[in-house]
Amino acid sequence: MSPSAARNRAPIAQILAGILPENAQVLEIGSGTGEHAVAACQARADIRWQPSDPDAQSRRSQAAWASEADGRISEPLALDLRDPDWFASAGAPDALVCINVIHISPWVVTEHLAAGAAALLPAGAPVYLYGPYQEGEATAPSNLDFDRSLKTRNPEWGVRALSDVIAVFDRAGFDLESRTGMPANNLSLVFRKREAS
């Protein structure tokens with residue numbers, strides 16, 4: 001069990017319950033332990049969940065947690081978003097969820113996340129992101145400390161500027177619908193795919 005997932009899974013599941021389409025097939029990127037999938041499925045009895053992770057140990061944990069959701073959580077996929085064509089084997093989701101990933105991965109993962117979401121999702125579909133962000137002078141000191149800590153572990157990691165993330169999704173055809181403050185200076189972001197012009 002992940003301490004951070006235990007702390008934030010209920011508020012995340014509450015937001016997801018309000019934004020996911022009816023009978024949604026949800027694709028989660030970087031599912032970690034798999035606890036968020038269970039919480040979301042318990043909050044919404046109509047949804048089905050597809051976890052994924054490049055890490056085999058994480059996928060084993062996801063498969064173990066799946067038994068808590070009455071068959072609505074699928075066998076995890078080995079998706080690695082460093083691959084620009086990652087979405088080719090991702091099915092046909094109605095929504096995409098990514099929790100605590102983009103700050104512990106190279107920036108190209110965020111770029112590929114937005115591009116893949118654009119390729120996979122229908123117009124009006126949501127993308128949900130959760131994690132810490134930098135917002136200029138409004139950035140929480142703990143997030144600045146976290147950013148420095150991450151960069152000492154891997155120079156390609158870091159707490160991303162919210163404006164940069166919004167810009168990447170805007171270029172991919174998504175509008176930021178909502179920004180919600182969450183525990184421990186994290187944010188919930190909901191993007192919606194625009195209608196084709």
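Two strands pair if DSSP finds at least two bridges between them. Helices (H or I, at least four residues) and strands (E, at least two) are DSSP runs, numbered from the N terminus. The model is predicted, and local features need pLDDT of at least 70, side-chain atom pairs count only at pLDDT 80 or more, and totals for chains, interfaces and linings use all residues. Residues are numbered from 1 along each chain as its sequence is written, and side-chain values use heavy atoms, with hydrogens and water left out.

An open sheet of 6 strands has mixed pairing and the order 2-1-3-4-6-5. Strand 2 (48-50) and strand 5 (174-182) stand at its edges with a single partner strand each, so one side of each lacks a neighbour in the sheet.

Within this sheet, strand 3 (residues 95-99) pairs with strand 4 in the parallel sense over 4 bridges, and Ile99 has Tyr130 of strand 4 as its bridge partner. From strand 3 the chain passes through helix 4 (residues 107-120) to strand 4, a right-handed β-α-β crossover; right-handed means that, with the strands pointing away from the viewer, the path from the first strand over the helix to the second runs clockwise. Strand 4 is also joined to strand 6 (residues 186-193), antiparallel, by 6 bridges, with Gly131 opposite Leu187 of strand 6.

Strand 4 (residues 126-131) is mostly covered, with 6 of its 6 residues buried (under 20% relative accessible area, with a 1.4 Å probe and protein chains only). One side carries the buried residues Pro126, Tyr128 and Tyr130, and the other carries Val127, Leu129 and Gly131, also buried.

Notes: Buried means under 20% relative accessible area, exposed over 50%, partly exposed in between (1.4 Å probe, protein chains only).
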